[in-house]
Structure formats: C-alpha cells, structure tokens
Amino acid sequence: EELLLQTGEERLLKIFNYLKALNQYRNPIVQQINEQEWQFWLKNLPDHPAIKFNRVKFAANELQQIDEPSPDKSISANDYVLKVRRPKLTNPPEPPVAIYEWLINGWDDPNKECKVKDLQNKVTANGDTVIDYFANHQELVEEFERWKKIWQTWAANEKPARACMKLFEQIYALYGSIQKEAEKKELILGDGILNWRYSDKITINHPILLQRLFLEFNPSIPEFTFSETEHEVELYTALFSLMPDVDGGIIARCREELTKGEFHPLGGEDTSGFLRRLVAQLSARGSFVEEGEACREED
C-alpha cells in the first residue's frame, strides 16, 4: 500500500510540474519591465495644461484634488489617475524672406537648433558659380539674430506641447492595440521596482505593486482618461514563484498587510513604508531605495 501511495504521489508531482512548465511556456512570467509591450514612466510626463495627473487623490492624509466637471459623464470629475488631452500646436514665426534660403532644414521643429548655412553656391548673371558666405551679408546676419530671438521664445513655449502630442499619439496607438485584443491585454499602474539578480537565469527589474487600469477615449474633446478598475491593488506574486528560497508565508503576510492597509502605487510615504518592510523580509541584503536614487543589482 505504501509503495502504491508513493507511486501515486510521484505521478501527481510529475503532472503538477508538467502543468506548471506548460503554463510558464504559454504565459511566461515577465521579469524585466522593458519586456512589456508598452511602458511609460510617470516621472517623464510633460509639463503641459493638457495633461492632468491626479496623484494627490491617492496620497494618504492629503485632501483630494478638486477638478473641473468632466465632459465625459462616465467618469466623475475626480475619479481618474491620468488625463491626456490633445494639445494645440502652433507654427514657428515666419522667417524673413531674405534669410529663408539660408535656413537649415529643421527650423520648424522646436526641439532642434535654428541655424543658417555658413555658405552656399550661387550662379552669377554671367553663369559662373561662386561661393557666397552668409557672414559677408551684415544686414542678413542682424536680421537673422532678431528673428532667432523670437523663434527661441516660440520654441521654449512649444516644446512641452510637442512632447504632449507625442505622448497623445503613443496612447492613441496603445488604445487601438487594446481595442483589438481586449481579452489578452491589460493596462497596469505599477510601483516598487524590484531589482534583484537572484541567479544567473533569474534577473528581476519589475514593479511588484500593481493596480489594473481602464483606458477610455472621448473623441469629442479629444482626450484619454486612465482610471482604476474594480480590481484591488495586488502584489506581483508570480515573480516570487520563480524563487524557491522565498518563504511563501512571508508573501502571504505581505499580501494580508496590503489588503488591510489599502496601499496604492501612488500612495506616497505609507506605500513607501510598506515596500520598505516587504524588501527587508525578502532578503537579508534587501534595501529600499528612495525615488531618484540610483538602483544597482544585488545578489
């Protein structure tokens, strides 16, 4: 009887390991954030009125941010994480006709430098080709410098709008991708980057505190709104299944603390405290790194 029982346990273990390996093959656990199909760091949000980041709402012991009534009735005025509206772009100041032919391509881009050619070929009335130097035309040099100051003011004001438009276009493409495969793709807000070189085959650099988001598009404005789904904030526990030395009891207690504390990826110091306690329990060498400090991989 004992031999049969042992054989049965071995078979069950083999079946379990097979199913586990099959699941990991079909649904690989993402260890690196740069392996995700799309990512954007909120710290890189352009500073522009068309972008509204509602971080204050989620910070503990702080008043919720008051926002204007939303044209989109499906989302209340303050019930959002991020809004990105299509910005209004402006054209650069028109250059004087006399210097137009001297301008180097790209002067209509505020992120490039506004420059003129040092020299160019010209054909005389006799049909001869001569080298014409911009510096030899003092009036053109002065006219260019006057216009360039106006251009620089325009460029400084236009750069945030162009950055906002670039983000809007990225989200537009993301929205289309999600619409095509809504059942296969999820949008996640993450915090707490676990940076851990656990072994030669397991190197992790990925957020572990996750909140599922919903992306909605209002074409009347047009504007994208990122809001929370009904799912609670969760730990990316699948990562820890790759590391047999991590105590499952510790993970269970951390999940319980997360549920009771209702910590949020945008929760400020309370969330930092939770992550600090979590990392100290994962490894004897674990340490919490504040935002802005350099991260390095540790064994």
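**Close-up views of a predicted model**

**View 1. A hairpin joins β6 to β7 through four residues.** Strand β6 covers residues 203-218, and strand β7 covers residues 223-228. Six bridges pair β6 with β7 in the antiparallel sense. Leu213 stands opposite Glu228 in β7. Strands count as paired if DSSP finds at least two bridges between them. Helices (H or I, at least four residues) and strands (E, at least two) are DSSP runs, numbered from the N terminus. This is a predicted model: local features need pLDDT of at least 70, side-chain atom pairs count only at pLDDT 80 or more, and totals for chains, interfaces and linings use all residues. Residues are numbered from 1 along each chain as its sequence is written, and side-chain values use heavy atoms, with hydrogens and water left out.

**View 2. β5 and β6 form a hairpin with five residues between them.** Strand β5 (residues 187-197) runs antiparallel to β6, and ten bridges join them. Ile193 stands opposite Pro207 in β6. β6 is also joined to strand β8 (residues 234-235) by two bridges, again antiparallel. Here Leu210 stands opposite Glu234 in β8.

**View 3. Strand β2 pairs with β1 and with β7.** Three bridges join β1 (residues 51-53) to β2 (residues 82-85), and the two run antiparallel. Ile51 stands opposite Val84 in β2. Four bridges pair β2 with β7, also in the antiparallel sense. The bridge partner of Leu82 in β7 is Phe226.

**View 4. Helices α4 (residues 248-261) and α5 (residues 269-282) have axes that come within 10 Å.** The axes cross at roughly 175 degrees. That makes α4 roughly antiparallel to α5 (angles over 145 degrees). Axes are lines fitted to C-alpha atoms over the stretch in contact, with angles from 0 to 180 degrees between N-to-C directions. Contact residues (heavy atoms within 4.5 Å) include Ile250, Ile251 and Cys254 of α4 and Phe274, Arg277 and Leu278 of α5.

**View 5. The structure holds 15 aromatic pairs.** The ring centres of Phe168 and Tyr172 lie 6.5 Å apart, with planes at 40 degrees, so the pair is tilted. Rings of Phe, Tyr and Trp (its six-membered ring) pair if their centres lie within 6.5 Å; planes under 30 degrees apart count as stacked, over 60 as edge-to-face and the rest as tilted. Phe168 and Tyr172 sit four residues apart in helix α3 (residues 138-180), about one helical turn. Phe168 is buried at 4% relative accessibility (under 20% relative accessible area, 1.4 Å probe, protein chains only). Elsewhere, ring pairs link Tyr100, Trp102, Trp107, Phe134, Phe144 and Trp147 into a cluster.

Technical notes. Buried < 20%, exposed > 50% of the residue type's maximum accessible area, 1.4 Å probe, protein only. Parallel < 35°, antiparallel > 145°, perpendicular 65-115°, else oblique.
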